[in-house]
Amino acid sequence: MNEHTFEFKPQTSSTPRDRFLVFGAPQIEQTDIDEVVDSLKSGWLGTGPKVAHFEQDFSRYKGASNVVAVNSCTAALHLSLLAADLQPGDEVITTALTFCSTINAIIHAGATPVLADVDSVTMNIDPEDVRRRITPRTRAILPVHFAGRPCDLHELLDICDEHELLLIEDCAHAIEAQYDGRPTGTFGDFGCFSFYVTKNLCTGEGGMIITRREHDATRIKTLALHGMTKDAWKRFSDDGYKHYQVVEAGFKYNMMDIQAALGIHQLARLERNWQRRRDIWQTYQDAFADISVQRPAEPAPGTRHSYHLYTLLVDEQQTGVSRDSFLASMTGAKIGVGVHYLSIAEHPYYQHRFGWRAEQWPNALSIGRRTASLPLTAALTDADVQDVINATMSIIGLANYTRRRRAA
Ligand SMILES: *Cc1c(COP(=O)(O)O)cnc(C)c1O
């Protein structure tokens with residue numbers, strides 16, 4: 001508790017909002033706008049000095065020496081997996097509860113995704129299930145720090161050591177997270193970050209890769225820009241024209257200066273925004289303590305949570321309302337909500353391609369069918385937070401709640 005936390009006052013009749021609360025709306029300030037305008041006026045929109053500046057700031061923030069900015073976390077994952085030199089038939093073990101691009105990146109790198117189930121409480125990949133899924137073809141583990149809660153990195157690193165596997169951290173939710181005082185993304189051979197609109201740091205689209213080895217960063221930088229040896233910024237600088245050579249068939253995954261312009265200022269506000277989300281997260285935890293929903297697990301000791309998502313599990317048996325009707329009612333109350341995520345094995349493409357049945361990952365399946373994410377960004381006002389709480393309470397049984405409070 002601290003000065004940002006306000007007292008929750010249950011209301012019997014909540015006045016509807018007049019404006020729709022967009023889920024994951026980013027927090028944009030005048031400095032961000034000015035920096036973008038500066039890029040536009042400078043005539044340099046592509047990869048240039050602002051990307052280099054943003055990379056330096058990010059590298060300092062994470063205490064990591066090898067960083068490469070790209071245009072999404074999906075690109076970051078794809079390039080990390082390519083730099084891992086996987087062969088067809090090689091297997092990458094990842095979580096059954098993630099965004100589809102984690103899986104697609106493995107497929108596009110030519111490897112085979114193997115799903116491990118999640119822990120029903122932390123919603124992070126279960127190291128015991130990872131062990132069960134290891135085969136002679138396993139080459140890497142790709143965990144997601146779900147909702148911003150760091151995975152059990154000790155266990156995962158032990159497994160990697162025992163079986164000589166690479167570790168690729170999907171840190172899309174977890175820029176600010178730490179484990180044993182060390183930043184997420186610096187444990188693995190690769191750490192991949194997202195700056196998509198709804199993420200904790202937003203550049204519109206954008207991503208970053210941390211690599212343990214310098215040569216991987218060099219390779220990724222080349223792969224991110226067509227496989228060319230010199231990037232365009234250096235090519236057209238005032239030192240005169242430089243010829244480039246294509247050394248492999250690369251991709252168009254580079255970040256633009258317009259994106260980095262946002263990133264520089266978003267990064268400078270990251271800790272302030274983290275504190276604001278932590279307060280909102282705790283306010284939700286307190287407000288929903290007495291209603292029949294499962295709240296997210298409190299952060300584990302010795303770790304720092306990123307507070308990227310606040311997810312409730314709405315169980316029709318216990319809560320008296322189905323998850324999907326909860327989502328519909330929240331939308332009706334002008335509150336934007338999200339689902340993170342349907343279990344990967346619920347999607348028809350993967351079922352057809354890999355023969356998966358969702359029941360093979362029971363925890364991910366069960367979470368995916370009950371989960372609902374409430375708005376959690378630094379752009380929320382106290383009144384917005386109160387509206388989210390009021391809407392949630394009235395949908396999930398305010399009557400129940402007040403009855404119990406009166407009895408107490
Ligand atoms: C958002 C997200 C991604 C993809 O990030 P993009 O920057 O949109 O490509 C990957 N993994 C997870 C867990 C995500 O939440």
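**Spaces between two domains**

Domain 1 (30-268) and domain 2 (270-407) both contribute residues to the lining of the largest pocket, so this pocket lies between them. The model is a predicted one, and besides the pocket, which has a volume of about 420 Å³, the structure holds two cavities of 30 Å³ or more. Rolling a probe the size of a water molecule over the atoms shows where empty space is left.

**The largest pocket**

- The largest pocket, with its volume of about 420 Å³, is lined by 27 residues, of which F99, S194, Y196, T198 and K199 are the closest to its centre.
- Helix 3 (73-83) and helix 4 (100-108) each supply at least two residues of this lining, and helix 3 gives the most, with three residues.
- Sorted by class, the lining of the largest pocket has eleven nonpolar, 13 polar and three charged residues.

**The largest cavity**

- About 120 Å³ of space lies in the largest cavity, and among the 16 residues that line it, Q27, K199, N200, T377 and A378 are the closest to its centre.
- The lining of the largest cavity divides into six nonpolar, eight polar and two charged residues.
- Because domain 1 (30-268) and domain 2 (270-407) both give residues to the lining of the largest cavity, it lies between them.

**The second largest cavity**

- The second largest cavity holds about 90 Å³ of space, and the residues that line it include M123, F146, R149, W281 and H305.
- Its lining divides into eight nonpolar, three polar and one charged, and at least three residues are drawn from each of domain 1 (30-268) and domain 2 (270-407).

Terms used:
Residues numbered from 1 in each chain as written. Predicted model: local features only at pLDDT ≥ 70, side-chain atom pairs only at ≥ 80, totals over all residues. Heavy atoms only, no water. 1 Å grid on protein atoms, 1.4 Å probe; cavity = no way out; pocket = protein on both sides within 12 Å on 5 of 7 lines; lining within 4 Å. Points joined across faces, edges and corners; volume = space filled by probe spheres on them. Nonpolar A, V, L, I, M, F, W, Y, C, P; charged D, E, K, R; others polar. Domains from an automatic or database assignment. Helix = DSSP H or I, 4+ residues; strand = E, 2+ residues; numbered from the N terminus.
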